[in-house]
Amino acid sequence: MKTDPCPFSKSRCTECAIYRGRHQYMTFSGEHQGCANGPDDHIAVYFQAVEECLDPWADSGVRTINEPRIRLRVVDVESGETKICEFNETKTWDWDNPEMMRLVDGRQVKSFDNLTDIVCYKAEKGYEEVKIYEAPRFMILAGG
């Protein structure tokens, strides 16, 4: 595959320190229009690999029928209070409330299913506890 020079650094796209090769598959001329789309969509493959690194528990199939044997420590960021929570209690949390954010390992937990994936993954890896940080959205997004 012909590699066009980076429009920013003027070196080869794969050597570009700015985008680290991500725009190698973008088209900057009419003759290559559409080459990044289709069955060999390298950009989609790249972002899928990045997502797998950032979310190792996503669709890992580690969910069990039984409740995972791991302690859930919930930290209220606003008040500083910490409490131990039963796993079944998390089902009753208002997961649709956009004003409340929950974080595990610096990543937002968006749903009960997402939390279940994380907890089961960590239980399988031998963790004894999962810390869940709970805060109003404005505290997290404003740098709190």
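User: Are Arg102 and Glu134 buried or exposed?

Analyst: Residues are numbered from 1 along each chain as its sequence is written, and side-chain values use heavy atoms, with hydrogens and water left out. Buried means under 20% relative accessible area, exposed over 50% and partly exposed in between, with a 1.4 Å probe and protein chains only. By these cut-offs, Arg102 and Glu134 are both buried.

User: How far apart are the closest N and O atoms of Arg102 and Glu134?

Analyst: A salt bridge here is a side-chain nitrogen of Lys or Arg within 4 Å of a carboxyl oxygen of Asp or Glu. Arg102 and Glu134 form such a pair, with their closest N and O atoms at 2.8 Å. Because Arg102 lies in strand β3 (residues 100–104) and Glu134 in strand β5, the pair ties together parts that are 32 residues apart in sequence; helices (H or I, at least four residues) and strands (E, at least two) are DSSP runs, numbered from the N terminus. The closest N and O distance is therefore read as 2.8 Å.

User: Which residue forms a salt bridge with Lys122, and how exposed is that partner?

Analyst: The closest N and O atoms of this pair are 2.6 Å apart. Lys122 lies in helix α2 (residues 112–124) and its partner in the loop between β3 and β4 (107–108), so the two tie together parts 17 residues apart in sequence. Lys122 counts as buried because its relative accessibility is 6%.

User: Which strands cover the buried residues of α2?

Analyst: The buried residues of α2 include Leu115, Ile118, Val119 and Tyr121. The helix has 13 residues and reaches 18 Å from first to last C-alpha, close to the expected 18 Å, a span defined as 1.5 Å times one less than the number of residues. What covers its buried residues includes β1, β3, β4 and β5.

User: What share of the residues of the protein chain reach a pLDDT of 70 or more?

Analyst: The mean pLDDT of the chain is 75. Over residues 29–37 the pLDDT is below 50, and this stretch has 10 contacts (heavy atoms within 4.5 Å) beyond near neighbours in sequence. Where pLDDT is low, the predicted coordinates should not be read in detail. The share of residues reaching 70 or more is 58%.

How values were computed. This is a predicted model: local features need pLDDT of at least 70, side-chain atom pairs count only at pLDDT 80 or more; totals for chains, interfaces and linings use all residues. pLDDT is the predictor's confidence in each residue, from 0 to 100.
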